[in-house]
Every structure is written in structure tokens, then in C-alpha cells.
Amino acid sequence: MSASCCALYSATGIVFTGWVGMMLVKQPFFIGGIEDVDVAKSSAFGAAGMFLFTFVVSIMFLVRNSGSQDARQRGEARRSRGDGPAEYGQIPSGEGRFVQGEFT
């Protein structure tokens, strides 16, 4: 779950910082308060690169975990057929049957 959150956040960061970087390249006069436009450009594109790196790593984790999810689903299918290990709830707790507060 956290890898998908990071991927979404990083994708948004790439778009935003890329847009800011392009604004600084094409129309820096629309962004006020910047003393050195070249430093601002390199900072914006540097941040976009860092978001891109985080996005790629998040996607790698999502792909890696999707394989383990398939394995988990195969394991659940085995257990439903009775081939796999018993679940905790399937282990008998003892002899007899529990009926309304008493063992019979």
C-alpha cells in the first residue's frame, strides 16, 4: 500500500515540479520573487528528477510485490483444496463438541 501511495505522490510531484521548471525556462517573469532564475531552474528540475527516482523505485516495489501476491493466491487455492497447511481455525481444539457452555 505504501509503494502505491509513494508512486502517486511522486507522479504528482513530477508533473508539478516539471511544470514549474518549464515556466522558469519559457516565462520566468510570471513567477515573482525569484532572484536567480538559473538556480531556480536547476532546483525545479532536480526536484523533478528526485520524484522520478522515487516513482521508479515505487513501481519496482509494486511489480515485485505483485508476484508475491500471486503466490499468496496460489497458496490460498491450495489450502481450499486441502493440499496446504491447515489454518488456525481448522485445528481441532480437543475431543468432544462444545454446546451452549458445556462439552458433550
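Before you click anything, one definition: a residue is buried under 20% relative accessible area, exposed over 50% and partly exposed in between, using a 1.4 Å probe and protein chains only. This is a predicted model, so local features need pLDDT of at least 70 and side-chain atom pairs count only at pLDDT 80 or more, while totals for chains, interfaces and linings use all residues. Residues are numbered from 1 along each chain as its sequence is written, and side-chain values use heavy atoms, with hydrogens and water left out.

**Stop one: the cysteines**

Select Cys-5. At 53% relative accessibility, Cys-5 is exposed. A disulfide here means a pair of cysteine sulfur atoms within 2.5 Å, and the structure holds 0 of them.

**Stop two: the aromatics**

Next, show the aromatic side chains. Rings of Phe, Tyr and Trp (its six-membered ring) pair if their centres lie within 6.5 Å; planes under 30 degrees apart are called stacked, over 60 edge-to-face, and the rest tilted. Searching the whole structure turns up 3 aromatic pairs. One of them is Phe-16 with Trp-19, a tilted pair at 6.3 Å centre to centre with 35° between the planes. Both residues sit in helix α1 (residues 2-26), 3 residues apart, about one turn of the helix. (Helices are DSSP runs of H or I, at least four residues, strands are runs of E, at least two, and both are numbered from the N terminus.) Trp-19 counts as exposed, with 51% relative accessibility.

Then jump to Phe-29 and Phe-30. Their ring centres are 4.7 Å apart and their planes are at 45°, so this pair is tilted. Both Phe-29 and Phe-30 are exposed.

**Stop three: a charged pair**

The term covers a side-chain nitrogen of Lys or Arg within 4 Å of a carboxyl oxygen of Asp or Glu, and the whole-structure search finds 1. Asp-38 and Lys-41 both belong to helix α2 (residues 37-81), 3 residues apart, about one turn of the helix. Colour by accessibility here if you like: Asp-38 is exposed at 53% relative accessible area, whereas Lys-41 is partly exposed at 22%.
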